[in-house]
Amino acid sequence: MASKVYFSKEISPEVVLKLYRCLGKDIKGKIAFKVHSGEDGNQNFLHPEFWRPIIDELKGTVVECNTAYGGARNSTEKHKKLIEKHGWNEFFDFDLMDENDDDIVLDIPNGKQIKKDYVGGHLSRYDGAIVLSHFKGHPMGGFGGALKQLSIGFGSSRGKAYIHSAGHTLKQEECWDDGIIAEQDAFLESMADAASAVHKHFNGNIAYINVMKNLSVDCDCCAVAEDPCMKDIGILASLDPIAIDQACVDLIYTQIRDPGRNHFIERIESRHGIHTIEAAAELGFGSREYELIEIK
């Protein structure tokens with residue numbers, strides 16, 4: 001059965017909340033709002049004000065985890081300073097879920113590459129989640145959307161190293177300094193594995209918003225990122241993380257009059273980015289088939 005994906009060409013904080021309501025799903029209990037806090041120096045990430053109406057309305061907690069590479073977010077001390085600099089804790093309760101270098105382990109019995117997912121230790125505090133994703137390109141994954149937020153985003157610092165190495169190490173220094181990086185498709189399949197674990201952890205009490213704005217080929221994790229190469233497209237919402245990412249990729253391909261389209265597509269295809277979606281669909285926690293419902 002095709003999953004429903006709601007879409008609006010209008011991009012505003014109010015439309016984020018409007019599309020969430022279209023889902024007809026009440027995320028219950030204590031809600032984690034997964035965001036990307038934005039690397040120091042990045043000009044493309046979506047700022048706290050953009051997400052404020054939906055977070056204020058549902059009274060959730062903004063959550064993040066430390067990274068597993070050099071930068072301003074790979075330690076709790078540095079990351080908390082950047083959270084303050086970017087204004088996240090000015091508006092919201094903010095939880096750095098692996099602030100004590102802790103994690104919890106989710107099993108992935110049917111994982112293609114990894115059988116365990118190491119996520120931020122505070123994940124157990126939350127009953128449900130709304131995954132707020134800035135859809136854009138990515139230097140390693142080809143693109144970043146809901147599946148990347150579920151996998152890399154919810155992963156603790158150790159978990160991120162585990163995914164990037166396809167289960168060979170939990171240590172960021174071994175992952176990057178010693179070059180224990182997985183072959184590309186194995187990395188993409190590890191992301192799909194980890195995404196399945198987090199999606200299943202919330203047992204249906206989870207929703208996804210993707211914003212196709214500031215469409216750079218680079219991720220918000222890049223301190224030095226390319227400026228956007230395409231025009232903004234819109235906002236999408238779904239209960240299916242596979243369908244929403246597939247819809248975003250398809251919308252990129254339809255923008256035949258956009259001069260930056262081919263550059264963006266080259267980033268996706270050169271990294272075999274669609275394979276994350278393929279692998280996720282094979283794991284069975286969503287569908288590539290969707291019905292796009294435009295909301296005006």
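In this predicted model, helix α5 supplies four residues to the lining of the largest pocket, the largest share of that lining. The pocket has a volume of about 280 Å³. Its lining is made up of 20 residues, and those closest to the centre are Y69, H138, I152, H164 and C221. Two or more lining residues come from each of α5, α6 (157–164) and α8 (184–201). By type, the lining holds nine nonpolar, six polar and five charged residues.

Helix α5 spans residues 146–153, and Q149 is found in this helix. Q149 has a relative accessible area of 7%, which is under 20%, so Q149 counts as buried. Apart from neighbours within four places in sequence, Q149 is in contact with K34, V35, H36, V131, L132, S133 and F154.

A second residue to look at is N74, in the loop between β3 (61–64) and α3 (76–86). When residues up to four places away in sequence are not counted, N74 touches N66, T67, Y69 and Q172. Y69 is also one of the residues closest to the centre of the largest pocket. Two distances that involve N74 are listed below.

| Pair | Distance | Taken between |
|---|---|---|
| N74 and Y69 | 3.3 Å | side chain of N74 and backbone oxygen of Y69 |
| N74 and L19 | 33 Å | C-alpha and C-alpha |

In sequence, N74 and L19 are 55 residues apart.

Methods:
Residues numbered from 1 in each chain as written. Predicted model: local features only at pLDDT ≥ 70, side-chain atom pairs only at ≥ 80, totals over all residues. Heavy atoms only, no water. Buried < 20%, exposed > 50% of the residue type's maximum accessible area, 1.4 Å probe, protein only. Contact = heavy atoms within 4.5 Å. 1 Å grid on protein atoms, 1.4 Å probe; cavity = no way out; pocket = protein on both sides within 12 Å on 5 of 7 lines; lining within 4 Å. Points joined across faces, edges and corners; volume = space filled by probe spheres on them. Nonpolar A, V, L, I, M, F, W, Y, C, P; charged D, E, K, R; others polar. Polar contact = N/O pair within 3.5 Å; in protein donor to acceptor, adjacent residues only side chain to side chain.
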